[in-house]
Amino acid sequence: QNIPCYLWKLDEHRIVDATFCGNMARFINHCHDPNCAVDIVTVGGIPRVMVSAKRDILAGEELSYDYCFDSDEAKLKCECGATNCPGFMDLPPLN
């Protein structure tokens, strides 16, 4: 069974798992030249994943952010289409 995975690493000890339950932000795609940024904020003592726009986003434009995978994770091919894409998600963008 091929079940998609929607995990966000908060820190070394905690991971948000939105695989089966979560809001629409779990479907935001990766890009090496993203139009959104992701930050961890604390609300009422509970860490939350916050997505914000890095620039004006046109109606109908796909939302994206850099997944920033750790380099010790398995290499995942990247097809984001950005001109600075190195070809893998766990590599930094090309300058």
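Start by selecting residues 36–43, strand E4, together with residues 46–53, strand E5: the two run antiparallel and are joined by eight bridges. Strands here are DSSP runs of E with at least two residues, numbered from the N terminus, and two strands pair if DSSP finds at least two bridges between them. Before you click on, note that this is a predicted model, where local features need pLDDT of at least 70, side-chain atom pairs count only at pLDDT 80 or more, and totals for chains, interfaces and linings use all residues. Residues are numbered from 1 along each chain as its sequence is written, and side-chain values use heavy atoms, leaving out hydrogens and water.

Now pick aspartate 39. Which residue in E5 stands opposite it? Methionine 50 does. While you have the side chains showing, here's a handy rule: in a regular strand they alternate between the two faces of the sheet.

Slide along to the turn. E4 and E5 make a hairpin with two residues between them, and glycine 44 in that turn has a positive phi of about 60°.

Next stop: the rings. Select tyrosine 65 and tyrosine 67: their centres are 5.1 Å apart with 50° between the planes, so the pair is tilted. Buried means under 20% relative accessible area, exposed over 50%, and partly exposed in between (1.4 Å probe, protein chains only).

Last, the charged side chains. How many salt bridges does the structure hold? Four, each one a side-chain nitrogen of Lys or Arg within 4 Å of a carboxyl oxygen of Asp or Glu. Here are some to click on:

- Arginine 55 with glutamate 61: the closest N and O atoms are 2.5 Å apart. Arginine 55 is partly exposed at 41%, and glutamate 61 is partly exposed at 24%.
- Lysine 9 with glutamate 12: N to O is 3.6 Å. Glutamate 12 is exposed at 66%, whereas lysine 9 is partly exposed at 39%.
- Lysine 77 with glutamate 79: N to O is 3.6 Å. Glutamate 79 counts as exposed at 65%, and lysine 77 counts as exposed at 60%.

Key: Rings of Phe, Tyr and Trp (its six-membered ring) pair if their centres lie within 6.5 Å; planes under 30 degrees apart count as stacked, over 60 as edge-to-face and the rest as tilted. Helices (H or I, at least four residues) and strands (E, at least two) are DSSP runs, numbered from the N terminus.
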